[in-house]
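Let's take a guided walk through a protein model, one topic at a time. Keep the 3D view open and find each residue as it comes up.

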Amino acid sequence: MELLVHGVGGATPEHMLDDPRTVRVSGDDTAAVFRRADDVEADGTEGARRDGRPVPEAYVWCNLTSGNGARALWLLLLPFMVVNLAHWMRPSAKGRQGTVRLYGALVRLVGLSLTVLLVATACVVAMDLTAWQCAGTRACAEAHTWLRFASPTASGGGWWSPPGRRLALAAAVPTALVALLWYLSRRTWRTYESEQPVARAEADDTSPTALGRPGFWFGRRLVARLRGAHTAAGLLTVAAALTLPAAAHDRDPGGPAALETLGILLQAALTACAITVVAVVCGRGRSERRLDRGDDPAVVRRLPAVALLLLALALPYAGWDRPEWRSADGLPGDAAFGGIALVQGLLVIVLAVIAHLLYRTGRLPGDRTAMRGLAGPAVALLACALGGVMTGGLSQRVADWLDGTGDGLPGAPVLLTWQASVIPPLLAVLLLLTAWQAWRTRALARAERAAVEAEYAEEARNPERTRVIARVRAMATLTDRGPLFVAVVCAVTPALGAAALIGGMTSGETPSQAARGAHPLVHGAAETAQALGSWFIGIGFLIFVTLGRRAYQDASARRTIGILWDVGTFWPRAAHPFAPPCYAERAVPDLTWRVATWTRATGGRLVISGHSQGSVLAAATAWQLPHAVRKRVALLTYGSPLERLYGRWFPAHFGPESLAALHDEVDCWRNLYRLTDPIGGPVRVPENGGPRVDCEPLKDPLAHGRTDLHPLPAPILGHSDYQADPVFAHERDRLLDRLSPPEVPAQRPTGS
């Protein structure tokens, strides 16, 4: 049998099987295995079609990432997905289990800080800007009529007008956000993380990759624990936003002693619960050596329940009548956001030290690891920066909307405004880097023309066609320069972030206010950066929302947005439970079950044929198979990012040792790629006396100009349509002939 697995963007079974009549033989509307209608009866268990050729099957999994319009809204949780990637980017290391566990704990803490940052921003928008500032200012409340009932002046001292009650009412918004995140995580957890892999014996500790361990694609217990901890952290953040302003007022001279004591007790309880949350996040990682079906009710259910109880106690405490309490200025949010930024910076620094130690331990000759092992800390830093600018820009845009054109409101915490203001200089650096890379690409394209002419030496020269092919090849190399972009961003971001933190905490004013007495050029630059940063974030947020709304109505847009997650959501949610779900926890068990049951029923052999991201799923499936079954499997990969992307950015799991071991453990493996492909490339597995894995680069286009075989200009295919190349059919036939037994095995008796 030949099992076809498509790549990014998805495919239809009719296209994969080259037949308009297909039948689903296993699976559901989310992911399924299809066959040609003529092959359903011809190969129930016999292993070959009537013409003697192996039966093709197509595994269609595109709906796991792009089938539901609601999934487009995961774009708004992009920082959570990015920090989850950082967990899997650690360098390869042997004999440093304690250091590896510390690395994982640090990434999980960074993920926890992002949850707190998101909920704290929701508290700023709803509780500080809306309920505290706008409703407490007569002009703002009259401009927004839906807030008049909570305004002390516009409502004539209505029941909701006291500051504490306004805060308690507005706390419903961040609480609803936490509830929504919990619901989405739990629903996807029941669909993805609860899929049962093929039961196997304990893991082989000699394997160079963890992808072959029985419990790798079964993250049910860890995600449930993290979901409980992050839900509790979000609820505690809302409770703290309610409790701290009221407690600060109660500590003033002349305040009621009973409320002051209650505030102290409530803050102590919040602190104790927060320490418990941190301990849960740090205490336990993944259990990959076995199927961990354990349950942790104390964390999954009781910890969020305790946090919810504390929030319920904070509501009447904050809403208690305090006649002298007035909502002057803004809530004290600068210290909180400054603390979050400082903690995130320290965590990333320690994470970088740990990653460097791991890289030095496991470095091999000819190592191609991205950023010399610092890719994980760099991506974690990007997640923090992305979360900071998104939250800062959102707060600033809401503040501008509420205040209109006046200066009646204190506005968002100044630190968030400073964070949004660093976006224009960061974009300027990226623009310069892009211009430099464009110049390098142009120079590389000129140098590539000689190679193109030599490859098509037998055909008539066409200088314009040569330039086009050379330019496409040069553009395809931008993927290999991705680490440079990340490195530059990560070098600039800490400097800009530190400047924003120092400026916000020392001045206590927005950038334009802090530069008021400076040189006019400096003052103008500060005003421009503040305004542009706010607008850039606002425009970006609107683009995200527009894409999400469009995904509900347009299937093609839904599929396009889903492509963005094909790489980012391949990995299990080991660092953040609110990240988009891992589709591989459904796809890999699906493929493993299909291969294992088919080989057990027929005694046959098969080729797993994977394109693009499908080749990554094929490799992960082969690692999950028992050793006896693995030797009956051959791999045909084309347009594969196994080494070019996964091997460089995720060396602990797809490094050179892992790919070489996979080559040794399967029957055979061939890999096809093109120089015009920006995603696929060679897997660079050493021969070691065995057959080569990488074929020579396929010619693309097949003809330079017009020929007898190609009377019309041949297209430059790049990453698509590998089957159109005659070499593809030749290599596939070689694999199938190698696997074919002398006689097709008959069906085994039931129960044998």
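This is a predicted model: local features need pLDDT of at least 70, side-chain atom pairs count only at pLDDT 80 or more; totals for chains, interfaces and linings use all residues.

A search of the whole structure turns up 24 salt bridges, and a handful of them get a closer look below.

**Salt bridges**

- Side chains of opposite charge can pair when their charged atoms come close.
- Start with arginine 221 and aspartate 296, which form a salt bridge whose closest N and O atoms are 2.8 Å apart. Arginine 221 sits in helix 9 (residues 220-250) and aspartate 296 in the loop between helix 10 (257-283) and helix 11 (297-319), so this pair ties together parts that are 75 residues apart in sequence. Both arginine 221 and aspartate 296 are buried.
- Next come arginine 368 and glutamate 643, another salt bridge, with the closest N and O atoms 2.7 Å apart. Arginine 368 is in the loop between helix 12 and helix 13 (375-403), and glutamate 643 is in helix 24 (residues 642-649), so the pair links parts that are 275 residues apart in sequence.
- Are the two partners buried or partly exposed? Arginine 368 has 30% relative accessibility, so it counts as partly exposed, whereas glutamate 643, at 9%, counts as buried.
- Then look at glutamate 665 and arginine 630, where the closest N and O atoms of the salt bridge are 2.4 Å apart. Glutamate 665 belongs to helix 26 (residues 656-665) and arginine 630 to helix 23 (residues 627-630), so parts 35 residues apart in sequence are tied together.
- Glutamate 665 counts as buried because its relative accessibility is 19% and the cut-off for buried is under 20%. Arginine 630 counts as buried too, at 4%.
- Salt bridges can also join up: Asp28, Arg586 and Asp590 are linked in a network of them.

**Buried spots**

- How many of the eleven residues of helix 4 (residues 78-88) are buried? Ten of them are, so helix 4 is largely enclosed by the rest of the structure. Among the buried ones are Pro79, Phe80, Met81 and Trp88.
- Methionine 81 is also handy for seeing how the chain folds back: glycine 568 is 487 residues from methionine 81 in sequence, but their C-alpha atoms are 6.7 Å apart in space. Glycine 568 is part of helix 20 (residues 555-568) and is buried, with a relative accessible area of 6%.
- Threonine 493 lies in helix 17 (residues 482-507) and counts as buried at 12% relative accessibility.
- Glutamate 731, in helix 27 (residues 726-739), is buried with a relative accessible area of 5%. The side chain of glutamate 731 makes a polar contact of 3.0 Å with the side chain of arginine 670.

**Surface patches**

- Which helix gives the most to the positive patch? That's helix 15 (residues 423-455), with three residues. Arginine 446 is found in helix 15 and is partly exposed, with a relative accessible area of 44%.
- Leucine 357 has its place in helix 12 (residues 334-362) and counts as partly exposed, at 33% relative accessibility.

- Where is the cis peptide bond? It joins aspartate 700 and proline 701, with omega at about 5 degrees. Proline 701 lies in the loop between strand 7 (668-672) and helix 27.
- Arginine 684 is found in the loop between strand 7 and helix 27 as well. Arginine 684 has a positive phi of about 55 degrees although it isn't a glycine, and at 47% relative accessibility it counts as partly exposed.
- Arginine 372 is another residue other than glycine with a positive phi, near 55 degrees. Look for arginine 372 in the loop between helix 12 and helix 13.

How values were computed:
Residues are numbered from 1 along each chain as its sequence is written. Side-chain values use heavy atoms; hydrogens and water are left out. Helices (H or I, at least four residues) and strands (E, at least two) are DSSP runs, numbered from the N terminus. Buried means under 20% relative accessible area, exposed over 50%, partly exposed in between (1.4 Å probe, protein chains only). A polar contact is a pair of N or O atoms within 3.5 Å; within protein, one must be able to donate a hydrogen and the other to accept it, and residues adjacent in sequence count only if both atoms are side-chain atoms. A salt bridge is a side-chain nitrogen of Lys or Arg within 4 Å of a carboxyl oxygen of Asp or Glu.
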